[in-house]
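Please consult the sequence and the coordinates as you read.

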Amino acid sequence: MRLVLWNGSPKAKGSASAVFLDYLAGQAGPEHTLCRVGGLKAPAAADFRGADALILAFPLYVDGIPGHLLGMLEALEPDLRVLAPEAKVYAVINCGFFEAGQCAHAMELLRHWCRRAGLCWGRGVCVGGGGMANAAPLGRGGPLSPIARALDALAASVLSGGLGEDILAQPALPRRLYVAAAHLGWNKTGRKNGLSKADLCAPLEKGAPR
Amino acid sequence: MADTVIIHDLPPKEASRLLSALPADSFVFNALPAVNHCMGCFDCWTKTPGLCVIRDRHQELAHALAGCGALIILSRCVYGGLSPAVKVAMDRSIGYMLPYFYLDRKRDELHHQPRYKERMVLRWHLYGDATREERRTAEALAAANGVNLLAKECRVSFYPAAGDIPPLGGAV
């Protein structure tokens with residue numbers, strides 16, 4: 001199979017999307033051809049030629065698809081039905097909220113894109129607590145094991161060319177601990193920048209562009 | 001303070017028709033040409049609170065949003081959501097909220113705490129071709145945006161084309 005793995009995160013390094021795509025790539029044996037695209041550079045339409053599967057991973061931005069990625073998807077829409085008519089589309093969307101279900105609107109947007117591009121929808125994984133992707137190993141036994149299990153199921157669907165129900169996956173830890181860790185993290189980063197919690201909460205001057 | 005903020009991607013002819021009779025305290029942001037997109041650095045939360053660190057015309061929008069009474073979005077409907085240019089402007093605006101979470105008990109979901117005490121009215125005017133399913137997605141998506149922006153009211157309207165949108169004077 002020819003698999004196109006598209007990282008839709010704008011981050012050059014350290015993105016949760018890259019962690020999830022690396023994990024999925026690790027499930028594909030040497031008989032498969034992997035083509036990695038994404039980052040800040042828009043993929044060329046030719047990258048998708050003859051693809052059997054497109055696996056798109058991106059972070060949730062304001063309940064939806066990041067604007068720069070949306071632009072790339074829209075630009076590719078007319079070409080894909082010609083270049084990759086057999087391709088099925090799979091997706092991993094992660095959000096910083098704990099609840100994976102908050103990615104559901106973005107998954108719907110992607111399904112609508114898929115329909116308009118003339119591609120077949122395969123399956124999606126909504127990931128909550130995406131901020132933890134780099135904080136713990138993605139594997140069995142740890143707090144991210146529900147996410148690893150969801151990605152295993154997604155990989156099985158991709159490699160069999162199958163379809164499936166979307167999966168919601170979030171870390172196996174109490175939500176209040178996730179919130180506490182996130183708040184400590186913001187405070188710590190603020191302090192590194194010389195800012196107190198009160199500084200981080202300050203309003204901007206109203207209607208006064210500088 | 002700009003009480004009403006308008007973000008749009010309208011063709012120039014429709015922009016002048018629709019936006020000429022706005023209240024004096026309105027701030028109009030043309031999303032086209034698209035501003036630089038969000039880089040996911042979160043510096044708008046931890047380095048320059050409330051303001052994206054990318055220095056371009058989006059900074060005017062961030063200041064206009066501060067404590068605004070209404071956010072009116074006029075956008076081409078794309079897959080049941082906003083157009084790429086309008087979405088980029090919204091992506092760059094997350095400094096409107098704080099990084100800190102609160103638990104919305106009614107929905108059993110985390111959302112971001114507010115930076116401003118004022119609560120906005122959120123209106124989406126979406127134009128262009130949209131299927132019934134895409135409209136349903138847009139309604140749910142706008143409602144979710146309304147929750148995340150702590151809007152006191154949220155409504156979505158659909159129009160076949162930008163030329164079908166009625167002048168905003170009264171609608172604002």
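The radius of gyration is taken over C-alpha atoms, and the globule rule is 2.2 Å times the number of residues to the power 0.38. The model is predicted: local features need pLDDT of at least 70, side-chain atom pairs count only at pLDDT 80 or more, and totals for chains, interfaces and linings use all residues. Residues are numbered from 1 along each chain as its sequence is written, while chains are lettered from A and ligands numbered from 1 in the order in which they are written.

Q: How do you know that the radius of gyration of chain A agrees with that of a compact globule?
A: For 210 residues the rule gives a value near 17 Å, and chain A has 18 Å, which agrees. The C-alpha trace of chain A spans about 55 × 45 × 25 Å along its principal axes.

Q: What makes helix 1 of chain A mostly covered?
A: A residue is buried if 20 or more other C-beta atoms, placed from the backbone, lie within 10 Å of its own, exposed if 12 or fewer, and partly exposed in between. In helix 1 (residues 16–25) of chain A, 8 of the 10 residues are buried, among them A:Val19, A:Phe20 and A:Leu24. Helices (H or I, at least four residues) and strands (E, at least two) are DSSP runs numbered from the N terminus. The buried residues of helix 1 of chain A pack against strand 1 (2–7), strand 3 (53–59), strand 4 (88–94) and helix 4 (145–160) of chain A.

Q: Why are strand 1 and strand 2 of chain A said to pair?
A: Two strands pair if DSSP finds at least two bridges between them. Strand 1 and strand 2 (residues 33–38) of chain A have 6 bridges, in the parallel sense; A:Asn7, for instance, has A:Gly38 in strand 2 as its bridge partner. Strand 1 of chain A is also joined to strand 3 of chain A, in parallel, by 5 bridges, and there A:Leu5 is partnered by A:Ile55.

Q: What makes the β-α-β unit of strand 1, helix 1 and strand 2 of chain A right-handed?
A: A crossover is right-handed if, with the strands pointing away from the viewer, the path from the first strand over the helix to the second runs clockwise. Strand 1, helix 1 and strand 2 of chain A make a unit of that hand.

Q: Which residues of chain B are in contact with chain A, and how many are there?
A: Contact requires C-beta atoms, placed from the backbone, within 7 Å of each other. By that criterion 46 residues of chain B are in contact with 43 residues of chain A. Helix 5 of chain B gives the most to the side that touches chain A, with 8 residues.

Note on methods: Contact = placed C-beta atoms within 7 Å.
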